[in-house]
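Please look over the sequence and the structure shown below. The report after them goes through the parts in order.

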Amino acid sequence: MDPQPQKLQHRVNLTNDQETESTQSHIQEGQTFETVEDLLRHDLANTPLPSSIEERLRKSIADSPTAPQPWWRRILGK
Amino acid sequence: MARPAYPTPEMDTPSHGQSHPDGEPSDLSAFDAIYEEHAKPIYYLALRMLGNASQAEDAAHDVLLKAYRNQHQFRGESGVRTWLYRITINHCQNLLKSWHHRTMINNLEPGFLESSPGDTESPLRVLENTELGERIQTTLQALPDEYRLLLLLVADQQLSYEEMGELTNQSGDAVRGKLHRARKAFSAAFHRTE
């Protein structure tokens with residue numbers, strides 16, 4: 001694999017009133033990624049798949065017209 | 001020898017009585033397995049290519065429906081993921097070329113560029129991932145189209161360089177060389193978004 005020129009870092013920018021004791025250590029750590037691929041994989045893992053896609057897909061499939069079997073399939077009974 | 005259409009254990013036991021336009025039996029349970037494994041990467045690829053969650057949702061639906069209707073055309077010369085990505089890339093590239101997309105994307109507010117966070121995440125984690133997602137989208141959009149696509153494909157560990165070359169009409173060696181430059185360009189652009 002090609003060498004990565006620099007690590008990729010990301011820190012959240014919180015205002016004081018958003019900071020809490022429980023989150024302080026996390027804020028200081030931020031996120032560091034060794035490679036672009038790692039960064040994009042993290043992004044993929046944290047990108048939720050909208051459930052509406054599956055619902056719409058099931059409806060679209062159910063609404064799809066079903067064609068009759070071809071003649072050879074009817075004759076052969078398969 | 002061609003591999004079977006979908007290498008899942010259920011594929012030889014059609015269970016829902018649907019059929020394709022040409023009369024081939026379709027297997028919804030096999031397609032469920034396809035959905036489970038591939039829907040999220042398809043959606044993510046569309047999201048980062050189009051930069052718009054709503055359009056990516058439409059694109060993922062359209063791609064998967066097209067795949068369902070045309071699953072008999074899959075001959076197994078390439079992997080299922082490669083086949084699905086080819087449909088996704090063509091679909092998104094057509095959208096990007098269309099007048100509709102150019103008009104719609106220019107009228108959207110910045111918030112529309114990101115997908116909705118999951119309900120179970122902590123507020124800090126949601127903020128962190130949302131900000132990171134925005135930076136990634138901004139960075140990707142600053143890159144040439146080819147670099148953007150190659151980086152999105154190489155992040156998928158299921159694809160080989162040869163398969164990436166197949167999807168982008170070039171050799172695996174050409175992909176390797178361009179990826180080196182694409183990574184550098186991404187890193188430089190990412191640091192500029194800080």
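The model is predicted. Chain A contains 4 helices and 2 strands, and along its sequence these follow the pattern β-α-β-α-α-α. Of the 78 residues in chain A, 12% are buried.

Chain B has 8 helices and 0 strands. Its elements, taken from the N terminus on, run α-α-α-α-α-α-α-α. Of its 194 residues, 36% are buried. Among the contacts in chain B with a separation of 6 or more, 60% are between residues 24 or more positions apart.

## Helix α1 of chain B and its partners

Helix α1(B) packs against helix α2 (residues 53-69) of chain B at an angle of about 140°, and the two axes are 8 Å apart. This angle makes α1(B) oblique to α2(B). Angles have to be over 145 degrees to count as roughly antiparallel. The crossing of α1(B) and α2(B) is right-handed. On the α1(B) side, the residues that meet α2(B) are Phe31(B), Tyr35(B), Ala39(B), Ile42(B), Tyr43(B), Ala46(B), Leu47(B) and Leu50(B). On the α2(B) side they are Ala53(B), Gln55(B), Ala56(B), Ala59(B), Ala60(B), Val63(B), Leu64(B) and Tyr68(B). By class, this contact of α1(B) with α2(B) holds 15 nonpolar residues, 1 polar residue and no charged ones.

Another partner is helix α3 (residues 80-97) of chain B, whose axis comes within 10 Å of that of α1(B) and crosses it at roughly 30°. The helices α1(B) and α3(B) are therefore roughly parallel to each other. The crossing of α1(B) past α3(B) is right-handed. From α1(B), the contact with α3(B) uses Ile34(B), His38(B), Ile42(B), Leu45(B), Ala46(B), Met49(B) and Leu50(B). From α3(B), it uses Val80(B), Arg81(B), Leu84(B), Tyr85(B), Thr88(B), Cys92(B), Leu95(B) and Leu96(B). The contact of α1(B) with α3(B) divides into 12 nonpolar, 2 polar and 1 charged residues.

Helix α3(B) has 18 residues and reaches 26 Å from its first C-alpha to its last, close to the 26 Å expected at 1.5 Å a residue. Which residues of α3(B) are buried? They are Val80(B), Trp83(B), Leu84(B), Tyr85(B), Thr88(B), His91(B), Cys92(B) and Leu95(B). An α-helix has 3.6 residues a turn, so residues three or four places apart point the same way.

Helix α5 (residues 123-141) of chain B has 19 residues, and its span from first C-alpha to last is 27 Å, close to the 27 Å expected at 1.5 Å a residue. Its buried residues are Glu128(B), Asn129(B), Leu132(B), Gly133(B), Arg135(B), Ile136(B), Gln137(B), Thr139(B) and Leu140(B). What covers the buried residues of α5(B)? The cover includes β1 (8-10), β2 (31-33) and α2 (36-45) of chain A, together with α1 (28-50), α6 and α8 of chain B.

## Helices α6 and α8 of chain B

The axes of helix α6 (residues 145-154) and helix α8 (residues 172-192) of chain B come within 9 Å and cross at roughly 100°. The helices α6(B) and α8(B) are therefore roughly perpendicular to each other. In α6(B), Glu146(B), Tyr147(B), Leu150(B), Leu151(B) and Val154(B) take part in the contact. They meet Val175(B), Lys178(B), Leu179(B), Ala182(B), Ala185(B) and Phe186(B) in α8(B). This contact of α6(B) with α8(B) has 9 nonpolar, no polar and 2 charged residues.

Is Leu149(B) buried or exposed? Leu149(B), in helix α6 of chain B, is buried, because 23 other C-beta atoms lie within 10 Å. Leaving aside neighbours within four places in sequence, Leu149(B) is in contact with Ile89(B) and Thr168(B).

Lys40(B) is found in helix α1 of chain B. With 17 other C-beta atoms within 10 Å, Lys40(B) is partly exposed. Its C-alpha atom is separated by 8.7 Å from that of Ala60(B), 20 residues apart along the chain. Asn169(B) is in the loop between α7 (161-167) and α8 of chain B. Asn169(B) counts as exposed, because it has 7 C-beta neighbours inside 10 Å. Phi of Asn169(B) is near 55°, a positive value in a residue other than glycine.

How values were computed. Residues numbered from 1 in each chain as written. Chains lettered and ligands numbered in written order. Predicted model: local features only at pLDDT ≥ 70, side-chain atom pairs only at ≥ 80, totals over all residues. Axes fitted to C-alpha atoms, helices over the stretch in contact; angles between N-to-C directions. Parallel < 35°, antiparallel > 145°, perpendicular 65-115°, else oblique. Contact = placed C-beta atoms within 7 Å. Nonpolar A, V, L, I, M, F, W, Y, C, P; charged D, E, K, R; others polar. Expected span 1.5 Å × (residues − 1). Buried ≥ 20, exposed ≤ 12 C-beta atoms within 10 Å, placed from the backbone. Left-handed = near helix turned anticlockwise from the far one by under 90°.
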